[in-house]
Amino acid sequence: RAVMPNCRNRNTAVVVAAMDLLEASIVVPDRAKRKGAGSAAIADLVGFKADNAIPIAAFYDSQYAVSVNILAELSSHRNPRVRLRCCKMLQSLLINLPDRYDHEQRLLPYVLLFINDNVTEVTNAALECIDKCGEQYERDHSDEIIERRQFGVDGDDTIDYNAGLPTPFICRPSLGARLFVRNNTSRFFLTVLGELTNWRAETRLRSAELLLILAVFCEEHLTKDLHRTLNNFAKAIDIELSSHHEHEHLKVFDQIEQVLCLTAKFVDPATYLRLARPRMTEDSFHMQRSFVVVLSSLIKGASFHRLCPHWIELLSLVSSPKCIGAFAGSKVRLEGLKALRSLCHRTDDNNVEVLVAHFKNPSNDLSQALSTCVDALEELKIDSEE
């Protein structure tokens, strides 16, 4: 604890030396208790304070009343040398600490943030850390790994898990790495979602970047709280649409759209259609527009074989009077047309034959949906608005 103030020093060499001492002091094994001798300092490193703890010393000294997340400052330090040393320190804590299981959920988010670092060396160090944690998870849970591999319960065979991955991923992470991240995500996932509506644009951007990384590792398991996820994304999109010109350089909106496109790979359209339909037809103007944008992004990222059975419902929804009708509002109509265009663009030369073959079944009547869409477009054609 005495070395922690040095981690906030202005001199980079002092900060790096302080992290060397901090790492060495934390991982010293306490064999009697089977834990790190200094692992209790990790809570102070992340600025954690229990809700039911009363800091008595704060009544006498003001320095005890303030908790600072030193690890957050180190992970966003302007000097890449400090960020690289911080990433390697976290790797040592997650692998060598005897009681690492008690601190994985506190330290993992910072390692995942390093994957989005603009310095290649830091990004590679973060990926190496996750890979080593995954290897360690496979050794510690060998029975679970063997069972999953033998029975083949590792995702949906119809999903191409190696396609559409964001930079720096070139292929699907290993099974151990994915299970390690999934098992430690539930504690902070909703908190990260809440940061999408933070008043600081930089915080919203970092939250969206972290969610994109979580989508790569968690895959379909990230959708267990889909109703909360879509609501938070819609609120974030509403903020970005309102302040797009003010914070255009941050590209928060583009990052959120990328998260939704990646999430759509793992979600059946029937799931989010059930949630989006009432919000797009019965909600307020701002949330209605936001959910139309959410649906448009999900359509872009979903595979065609998943969209095909729900084509009529999607076409009816995005061409309904609530989306592109005369009384929908110009901004809602504009986003509704973008969603309709995204849906039509999915029918390329190869997919048209699949769609036609699907609707040859008499039970799949497309005429009613097409007539609704044509009527709505005719009203837009007559309207004088650009």
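**Salt bridges and cysteines in the predicted model**

The structure contains 17 salt bridges in total. One of them joins the side chains of E23 and R85, whose N and O atoms are 2.5 Å apart; here E23 lies in helix α1 (residues 12–26) and R85 in helix α4 (residues 80–96), a separation of 62 residues. Both E23 and R85 are buried. A further salt bridge is formed between R149 and E138, with the closest N and O atoms 3.3 Å apart, and because R149 lies in helix α7 (residues 142–151) while E138 lies in helix α6 (residues 120–140), the pair ties together parts that are eleven residues apart in sequence. R149 is exposed, with a relative accessible area of 53%.

With regard to cysteines, the structure holds zero disulfides. The sulfur nearest to that of C86 belongs to C87 and is 7.4 Å away, and C86 is in no disulfide, because a disulfide requires two cysteine sulfur atoms within 2.5 Å. C86 is buried, with a relative accessible area of 0%, and C308, at 6% relative accessibility, also counts as buried.

Note on methods. Residues numbered from 1 in each chain as written. Predicted model: local features only at pLDDT ≥ 70, side-chain atom pairs only at ≥ 80, totals over all residues. Heavy atoms only, no water. Buried < 20%, exposed > 50% of the residue type's maximum accessible area, 1.4 Å probe, protein only. Salt bridge = Lys/Arg side-chain N within 4 Å of Asp/Glu carboxyl O. Helix = DSSP H or I, 4+ residues; strand = E, 2+ residues; numbered from the N terminus.
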